[in-house]
Amino acid sequence: KQKEEKQMSTIQTRSKKRPVGFGDQKEDMYVTRPVRYSTLKKGTLVRLASLDSGVPAPVLKGTYNALMQQVDEMLFNGHACYMPGIGYLRLSLSAKAVQNKENVGVAQIRCIRILLRPSGELREAMDEIHATTEVVD
């Protein structure tokens with residue numbers, strides 16, 4: 001089986017002067033960030049996957065909905081979810097530390113996040129990304 005040759009991806013970045021630092025120690029420096037064009041919604045992803053795979057869009061939409069429902073249920077019940085080619089999704093939280101056992105409780109939870117641990121395949125693909133930049137004054 002021959003390995004499929006991947007096309008090199010190019011991301012565009014924009015560098016803009018911004019204050020960097022803490023408190024009174026801020027200094028204007030150029031900060032570079034990726035340019036984000038849009039956010040692809042479910043309908044667009046389903047339509048594009050349907051065109052690529054030849055599977056009818058309504059079938060893919062039902063499959064996508066069922067898959068996302070399972071990911072939600074598994075994540076919110078404490079499981080990590082492996083997404084092939086992407087990586088592991090898992091819950092993380094930040095909580096205030098307390099000295100007394102009596103003060104321990106859910107009230108100390110500050111935020112709950114979903115973290116992505118990228119797969120080796122995704123990390124390798126990210127190493128192949130080429131970037132261009134534009135300086136904005």
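I began with Arg-14, which is partly exposed at 39% relative accessibility. Partly exposed lies between buried (under 20% relative accessible area) and exposed (over 50%), with a 1.4 Å probe and protein chains only. I noted that the model is predicted, that local features need pLDDT of at least 70 and side-chain atom pairs pLDDT 80 or more, and that totals for chains, interfaces and linings use all residues. Residues are numbered from 1 along each chain as its sequence is written, and side-chain values use heavy atoms, without hydrogens and water.

**Salt bridge**

I searched the whole structure for salt bridges (a side-chain nitrogen of Lys or Arg within 4 Å of a carboxyl oxygen of Asp or Glu) and found one. It joins the side chains of Arg-14 and Glu-134, at 3.4 Å from N to O. Arg-14 belongs to strand S1 (residues 10-20) and Glu-134 to strand S6, so the pair ties together parts that are 120 residues apart in sequence. Strands (E, at least two residues) and helices (H or I, at least four) are DSSP runs, numbered from the N terminus. I recorded Glu-134 as partly exposed, with a relative accessible area of 41%.

**Negative patch**

I then listed a negative surface patch made up of Glu-121, Glu-124, Asp-127 and Glu-128. Patch residues have over 30% relative accessible area and no salt bridge; like charges are joined within 9 Å, and nonpolar side chains (Val, Leu, Ile, Met, Phe, Trp, Tyr) within 5 Å. Asp and Glu count as negative, and their charges are placed at CG of Asp and CD of Glu. Areas come from the Shrake-Rupley method with a 1.4 Å probe. I located Asp-127 in helix H3 (residues 120-127) and found Asp-127 exposed, with a relative accessible area of 64%.

**Loop residues**

I looked up Ile-129 in the loop between H3 and strand S6 (130-136). Ile-129 is partly exposed at 35%. Leaving aside neighbours within four places in sequence, Ile-129 is in contact (heavy atoms within 4.5 Å) with Ser-9 and Ile-11. Its C-alpha atom is separated by 40 Å from that of Ala-97, 32 residues apart along the chain.

I placed Ser-119 in the loop between S5 and H3; Ser-119 is buried, at 7% relative accessibility. Not counting residues up to four places away, Ser-119 touches Tyr-82, Gly-85, Ile-86 and Gly-87.

Gln-108 is buried, with a relative accessible area of 18%.
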